[in-house]
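Q: Could you take me through one part of this model closely, the packing inside it? I'd like the cut-offs along the way.

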Protein chains: 2
Amino acid sequence: MKLNDLLYKESEWLKAEGPKSNVAISTRVRVARNVAGHLYFNRANSAARAETLEMMIKAIKKSKLLKKTLLVKINDISNLDKRFLVERHLMSREHTQNSEFKALAIEESEIVSVMLNEEDHLRLQVMQSGFNVMETWRIVDEIDTELERILHFDYSDKFGYLTSCPTNTGTGMRASVMLHLPILAMTAQIENVFNAISKLGLTMRGFYGEDTEASGDFFQISNQVALGHSEMDVLDNLERIIRKIIHKEESARGELFQKRKEELIDRVHRSYGTLKNARIITSSETIKLLSAIRLGVDLGLLKDITISDVNEVLLLTQPAHLQKINGEEIAPYDRDLKRADLIRQKLVK
Amino acid sequence: MKLNDLLYKESEWLKAEGPKSNVAISTRVRVARNVAGHLYFNRANSAARAETLEMMIKAIKKSKLLKKTLLVKINDISNLDKRFLVERHLMSREHTQNSEFKALAIEESEIVSVMLNEEDHLRLQVMQSGFNVMETWRIVDEIDTELERILHFDYSDKFGYLTSCPTNTGTGMRASVMLHLPILAMTAQIENVFNAISKLGLTMRGFYGEDTEASGDFFQISNQVALGHSEMDVLDNLERIIRKIIHKEESARGELFQKRKEELIDRVHRSYGTLKNARIITSSETIKLLSAIRLGVDLGLLKDITISDVNEVLLLTQPAHLQKINGEEIAPYDRDLKRADLIRQKLVK
């Protein structure tokens, strides 16, 4: 497998085959690990960084579970490729900075990716379609256990797994679910959700993770706490709360569809009409319109398009993806033209 | 012919077969006349009003040129029918007020209509498709000459034709052309046009005539002066100036299509997409979107729709038309639903 192959294959999570795909886009769980007896990345000099990198690459090659894995050295790839991998949620933005001695291992179906030498030596991530916390954790745990047999991770009986940033110390685990909450957002109930979950050890962020605002009704909810609770407690808590949020969104959809049916139908069809006809369209308008269409598919208003189609267009219309498809960097205004072309190509059947 | 038949036949002016139909919707010329020796409408009592009405109805029945004419007594029709006739530009809003002893004669193809007992005893109007001032006048003049042989019109050697309002005294003629000027409006050149023509004895008004603002880039330009100039002078002046405005709009279209092609294409297709997909739409949004589509047809961007289609939808989506099609009065919100349905029915092929 080569990096460019990713562009033309369907990531596992796009398929929208997971539980509650009407509201939940994807579930991700990652654990942060460091190799015992080696300086942490930010403290290490080049030689030490190179050494841990080699050690981890060997470990991944040894792993049976990560057999079909593409290994990418971040310094070897273009800035466009870096942004491309960030857009696919395969690595963090931070991993694109100071990229010497950093690498990324990507398992073929894009379910598993491992960042090597991010702020921790190793960050293992598993992604699943829909609302699928326990299954995602099961895969993480299995691979983590195998890697731990090969590498010796830094662990304290008092604190748990040790990490570069203290917020991750303990389980080293962060689990998150990407939710599509158009009706909670529209009816201003999202504020309540936001306030409630922050009291329950969870946080809510926008589509692109830590440093962006929520856009187009897509929200990522994750645990905040890594210390003092077992993985199972944290996952149970997350699962229970997200199940409630999903239920709240579903009820709100049903209720609004009863009360303001024509308005909803109008909004969905107008959005579809605009996407199928626009010749210039920005990324943020695209996300907004796709949000309405995703809702329309769930409400049974649009028959000739699937949630999987919406997920795909959402992914491919991002700036770096558009440029990868085009084969070269494109200026923002020209991207808006290419984006509209791509959308029509995907949606007009 | 019955009044309801109008709904299901194509008015002559809708066909968009007249000169410069890309910019000019229609040309109208009307003359105001009063029968000599009879009190003018506003001064007359009921008996006198009834008498002039009878006299004029007889004259119209005698006329050979107005043979295929439907005669409607305004008091006999519903308020909905009154608004319907106003929307078709067959009579003025004023003619719907105090409607006793008022009537309207409509010639089958809707080219000719005659208001009886508006503020003047007789107002003869001729409407033609496109920019067609002289031909429209020719028809008015022919019918006016015939009617003058039957009725004796009030005429002063000093002033010309005498009318109820002094602004009409002289020729009693008002000629107007409905123009579609989206690019002059978009590029803010319409203000210049407005200022220029008001110095040249012309006025500019919105789509529905005297008392409404210009909406959706449609402007009606007419002569202001009836006194001290011959009909030919007034028509020549109007024709010459409107020819310039049309040319200005055409050049501006060409220029903008060169400079901001993608933007124009985007706007046209988005408008088309919205019209074909909306489920709720107001009258004013409809006019705005149809304006973009009319432009798109002229620029060759939309192949499966004609200017005539646009004219038809523009006419039929007006409030009274929608209600006539529906067979009964409908509340505004429900009209917005019915309007969207009708538009899809007409545009989605």
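A: B:Val114 touches B:Ile60, B:Leu66, B:Ala103, B:Leu104, B:Ala105, B:Leu122, B:Arg123 and B:Leu124, leaving out residues up to four places away in sequence; contact here means heavy atoms within 4.5 Å. This is a predicted model, in which local features need pLDDT of at least 70, side-chain atom pairs count only at pLDDT 80 or more, and totals for chains, interfaces and linings use all residues. Side-chain values use heavy atoms, without hydrogens and water, residues are numbered from 1 along each chain as its sequence is written, and chains are lettered from A and ligands numbered from 1 in the order in which they are written.

B:Val114 is also among the residues with the most contacts inside the largest nonpolar core, which has 87 residues; others with the most contacts include B:Leu122, B:Leu179 and B:Ile245. A nonpolar core is a set of buried Ala, Val, Leu, Ile, Met, Phe, Trp, Tyr and Cys residues joined through side-chain atoms within 4.5 Å, where buried means under 20% relative accessible area, exposed over 50% and partly exposed in between (1.4 Å probe, protein chains only). The most comes from helix H6 (residues 231-259) of chain B, which gives 9 residues to this core; helices are DSSP runs of H or I, at least four residues, numbered from the N terminus. Because domain 1 (3-253) and domain 2 (260-347) of chain B both give residues to this core, it lies between them; the domain bounds come from an automatic or database assignment. A second, separate core has 85 residues, including A:Ile197, A:Ala252, A:Leu256 and A:Val297.

Methods. Helices (H or I, at least four residues) and strands (E, at least two) are DSSP runs, numbered from the N terminus.
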